[in-house]
Amino acid sequence: MTPTASTASAAVTTAAESHGFLSPTGVEIAFLLVGLVTFGAALVTVTTKQLVHAALWLVVALGGIAVEYLLLTAEFIAWVQVLIYVGSVVVLLLFGLMLTRAPIGRSPDADSPNRWAALTVAFASAAALVWVVVDAFRTTWIDLDAAAQGNTAVTGSILFRHWVLPFEALSVLLLAALVGAIVLSRKKNAAETEAEAAATEAAAVREGNR
């Protein structure tokens with residue numbers, strides 16, 4: 001091991017030993033509080049029976065994740081979170097709800113008999129994700145006072161070189177959802193137009209019989 005590597009390793013070890021869970025900093029406390037708010041918003045999103053409220057609480061959850069990125073000194077990822085997810089995905093969901101004329105109040109269609117199965121899968125997935133993250137970054141510490149390590153060039157290169165297929169698949173999925181919402185709204189409008197025409201014709205027949 002070179003002197004530079006040994007010095008860096010010793011510095012990381014010293015930082016890890018001098019910093020513990022019993023002496024949190026202000027940034028870590030803010031990170032925990034924002035995480036609790038984000039978790040609560042996500043929980044309300046998946047449990048509420050009002051679709052519009054679910055979309056609005058999703059905005060709070062995604063905004064909380066963006067704040068967490070800011071606290072981790074990942075400013076570029078935070079603003080991408082705001083622009084793409086809060087500014088595009090949620091707006092697309094709201095447009096889909098409006099185009100399909102989703103009920104504003106409580107929707108009986110939001111109830112599902114598979115709630116316990118969904119909860120089991122959700123908790124299992126969350127536990128696996130937490131275990132993977134903790135195992136991968138067990139001894140990694142982020143120096144919040146140092147300069148940011150990432151930049152737009154590195155992030156863009158990784159995104160469009162290694163993750164371009166999931167990125168494009170997600171965009172196609174969102175486009176398909178919007179097109180499906182438009183098709184459903186047009187079918188409903190046509191059915192309502194036919195019903196109104198039939199009602200008008202029936203009213204005219206009744207007036208003529210009188």
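So, the lining of the second largest pocket: by class, 16 residues are nonpolar, 5 are polar and none are charged. Nonpolar here is Ala, Val, Leu, Ile, Met, Phe, Trp, Tyr, Cys and Pro, charged is Asp, Glu, Lys and Arg, and the others, Gly among them, are polar. That's in a predicted model, where local features need pLDDT of at least 70, side-chain atom pairs count only at pLDDT 80 or more, and totals for chains, interfaces and linings use all residues. Numbering runs from 1 along each chain as its sequence is written, and side-chain values use heavy atoms, with hydrogens and water left out.

Back to the pocket. Its lining has 21 residues, and Ile77, Val80, Tyr85, Leu159 and Phe167 lie nearest its centre. A pocket is an open set of points on a 1 Å grid over the protein atoms alone, where a 1.4 Å probe fits, with protein on both sides within 12 Å along at least five of seven lines; lining residues have an atom within 4 Å of a point.

Which helices supply at least two residues each? They're α4 (75–99), α6 (152–162) and α7 (164–209), helices being DSSP runs (H or I, at least four residues) numbered from the N terminus. The largest share, 8 residues, comes from α4.

Now, over to another pair. Helix α2 (residues 26–47) packs against α3 (residues 51–71) at about 160°, axes 8 Å apart. Axes are lines fitted to C-alpha atoms over the stretch in contact, with angles from 0 to 180 degrees between N-to-C directions. So α2 and α3 are roughly antiparallel, the word for angles over 145 degrees.

Technical notes. Angles under 35 degrees count as roughly parallel, over 145 as roughly antiparallel, 65 to 115 as roughly perpendicular and the rest as oblique.
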